[in-house]
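This report describes the strand order of the sheets, the packing of helices and selected local features. The sequence and structure are shown first.

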Amino acid sequence: MPSTTTETVKPVAHEVVLIEGDGIGPEIAAAVRLIFEAAAAPVRWTPAIAGGRAFAAGVATGVPAETVDAIERARLVLKAPLETPVGHGGKSANVTLRKLFEMYANIRPVKELAGITTPFSGRGIDMVIVRENVEDLYAGIEHMQTPDTAQALKLITRRGSAKIARAAYELARREGRSRVIAVHKANILKLTEGLFKRTVEAVGAGYPDITTDHMIVDACAHKLVVAPEQIDVAVMTNMNGDILSDLAAGLVGGLGLAASANVGDHAAMFEAVHGSAPDIAGRGLANPTAFLQAGLMLLRHLGEARAAARIEAALALTLSEGRVLTGDLARGKVEAASTMAFAEAVAANLERVDPAALPEVAAPVGADAASTPAPTLPDRITVTTRDDVGFDLFFEVENADPAELGAEITALSEGSPFRLKHLSNRGTAIWPGAVSRTELTPHWRARFVRRADAAAGFDDAAALALIGKVGARHRWMHVEKLLVTDGADGFSRDQGEA
């Protein structure tokens with residue numbers, strides 16, 4: 001006779017690497033674990049370390065090999081804040097994790113929270129900032145070119161820009177959003193930020209159901225303050241995204257409530273936006289809301305949208321009633337609760353959530369979402385002609401007279417296939433030309449271009465010989481070839497350059 005016993009089938013638990021982090025990290029991690037356990041969220045934690053504890057153990061990167069192996073296996077991470085050296089020491093372990101696993105898309109939702117009152121409450125703020133996560137100045141390539149002149153290389157690639165653009169458009173389509181704005185500084189940085197803008201627009205042409213706009217980054221900062229409800233999805237380069245996403249978080253309650261996802265093709269990492277707050281660590285004062293929000297993003301990424309909605313409803317209930325709040329939210333209105341007391345209140349409110357009131361899990365939305373394939377761009381752009389027409393040489397000279405220096409470098413270039421076109425200092429053309437009031441530093445750039453009567457092509461030996469002549473008199477530190485492709489200059493011009 002067949003058994004009549006009905007067995008409850010438990011959902012399959014997803015393995016997630018949990019990095020408890022530094023400072024308040026272990027406290028907010030414990031709070032989120034308590035809530036997830038109360039909600040029976042289908043997650044199996046694998047503890048790992050990174051950041052301060054790793055640096056203290058002598059791991060120069062801040063990310064031990066064991067942690068890398070665990071992420072390689074699970075491909076999912078929930079990470080609490082890590083210590084980051086400021087102005088000295090090793091690389092940021094946060095950035096190392098993102099770059100090791102090419103987590104190129106940083107996703108920052110910005111939406112009003114129930115029970116959180118700000119000057120912008122009631123404006124209907126509901127945007128997503130999509131930030132490129134591994135390129136730009138965050139490549140971290142810097143040099144002291146002279147004792148008092150530092151250089152950072154801003155690296156923007158067409159492929160990296162295309163990947164983050166596709167992430168933004170796919171997110172917009174999946175969430176039923178209608179507009180993607182490419183935020184940039186292409187009016188000044190015409191090559192780097194210009195490449196980003198053009199690439200986003202090229203990808204956007206493959207999404208006819210979504211409007212593509214562009215906005216200069218400073219105008220976007222203004223728009224975020226005066227009309228934030230007009231921003232839907234904004235995609236931007238790394239540093240612009242870092243700054244504007246924090247500004248946007250301030251509109252809906254601040255970094256203490258903000259979460260983000262770092263997503264790539266090989267792994268996804270979810271984290272609170274705020275820092276490790278070592279000044280309050282171990283005192284039970286931290287608000288775990290941001291880290292809990294990161295956990296909800298993780299659950300939705302896993303397809304566990306209903307579990308996420310239930311926890312989110314319990315959080316909203318706790319915040320709206322305002323009886324149990326951590327000190328940053330209580331502000332004298334009620335007695336401040338500890339980190340774990342707040343977590344326990346959220347866990348208890350799970351029982352008050354009406355399952356029938358939870359939103360249905362919807363399929364991806366958007367016009368033609370199912371029939372329109374994601375557009376692709378070739379990995380490399382094809383050009384008909386390319387020519388290295390000269391080179392820039394950066395060199396160091398103390399207390400130089402521009403006229404004398406120009407005459408000296410011109411004389412050194414005689415007999416070479418390259419002529420000195422001009423000298424510049426901090427991006428301003430100094431010689432030849434009108435008198436400049438620019439304050440001169442020891443950091444100079446000589447722009448050499450191929451003479452009109454010289455043979456076509458770039459003569460490496462002649463360039464090296466000329467660099468050697470200059471180097472015999474002045475310390476040089478950097479050289480860049482001047483590339484022209486299909487008749488378009490691949491280099492910027494100095495201010496005042498003829």
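## Helix H1 and its neighbours

H1 and H9 are oblique to each other, a class that takes the angles left over when those under 35 degrees count as roughly parallel, those over 145 as roughly antiparallel and those from 65 to 115 as roughly perpendicular. Their axes come within 9 Å and cross at roughly 50 degrees; axes are lines fitted to C-alpha atoms, for helices over the stretch in contact, and angles run from 0 to 180 degrees between N-to-C directions. Helices (H or I, at least four residues) and strands (E, at least two) are DSSP runs, numbered from the N terminus. The model is predicted: local features need pLDDT of at least 70 and side-chain atom pairs count only at pLDDT 80 or more, while totals for chains, interfaces and linings use all residues. Residues are numbered from 1 along each chain as its sequence is written, and side-chain values use heavy atoms, with hydrogens and water left out.

H1 passes H9 in a right-handed crossing; a crossing is right-handed if the near helix is turned clockwise from the far one by less than a right angle, and left-handed if anticlockwise. On the H1 side the contact (heavy atoms within 4.5 Å) involves Ile28, Ala29, Val32, Ile35 and Phe36, which meet Phe291, Leu292, Gly295 and Leu299 of H9. This contact comprises 8 nonpolar residues, 1 polar and no charged. In this classification Ala, Val, Leu, Ile, Met, Phe, Trp, Tyr, Cys and Pro are nonpolar, Asp, Glu, Lys and Arg are charged, and the others, Gly among them, are polar.

H1 also packs with H12, at an angle of about 15 degrees and with the axes 9 Å apart. H1 is therefore roughly parallel to H12, and the crossing is right-handed. Glu27, Ile28, Ala30, Ala31, Leu34, Ile35 and Ala38 of H1 meet Thr339, Met340, Ala343, Glu344, Val346 and Ala347 of H12. The residues of this contact are 10 nonpolar, 1 polar and 2 charged.

## Helices H10 and H12

The axes of helix H10 (residues 305-321) and helix H12 (residues 339-349) come within 8 Å and cross at roughly 120 degrees. The two helices are therefore oblique to each other, and H10 passes H12 in a right-handed crossing. Ala314, Leu315, Leu317, Thr318 and Leu319 of H10 meet Phe342, Ala345, Val346 and Asn349 of H12. By class, this contact has 7 nonpolar, 2 polar and no charged residues.

Strand E1 (residues 14-19) runs parallel to E2, and 6 bridges join the two. The bridge partner of Leu18 in E2 is Pro47.

## The six-stranded sheet

In an open sheet of 6 strands, the order is E15-E14-E16-E13-E17-E18 and the pairing is antiparallel. Strands E15 (428-431) and E18 (488-489) stand at the edges with a single partner strand each, so one side of each is without a neighbour in the sheet. Strand E14 (residues 418-425) and E15 run antiparallel and are joined by 3 bridges, with Asn425 opposite Thr428 in E15.

Helix H13 (residues 402-413) packs on the sheet, touching E13, E14, E15 and E16, and its direction makes about 155 degrees with that of E14. Helix H14 (residues 460-473) lies across E13, E14, E16 and E17, running at about 15 degrees to E13.

## Local features

The count of salt bridges comes to 31; each is a side-chain nitrogen of Lys or Arg within 4 Å of a carboxyl oxygen of Asp or Glu. One of them joins the side chains of Arg179 and Asp213 (2.4 Å, N to O). Arg179 lies in E8 and Asp213 in E9, so the pair ties together parts that are 34 residues apart in sequence.

The peptide bond from Trp431 to Pro432 is cis, with omega near -10 degrees, and Pro432 lies in the loop between E15 and E16. Ala40, a residue other than glycine, has a positive phi near 55 degrees; this residue is found in the loop between helix H1 (25-38) and strand E2 (43-48).

Methods:
Two strands pair if DSSP finds at least two bridges between them.
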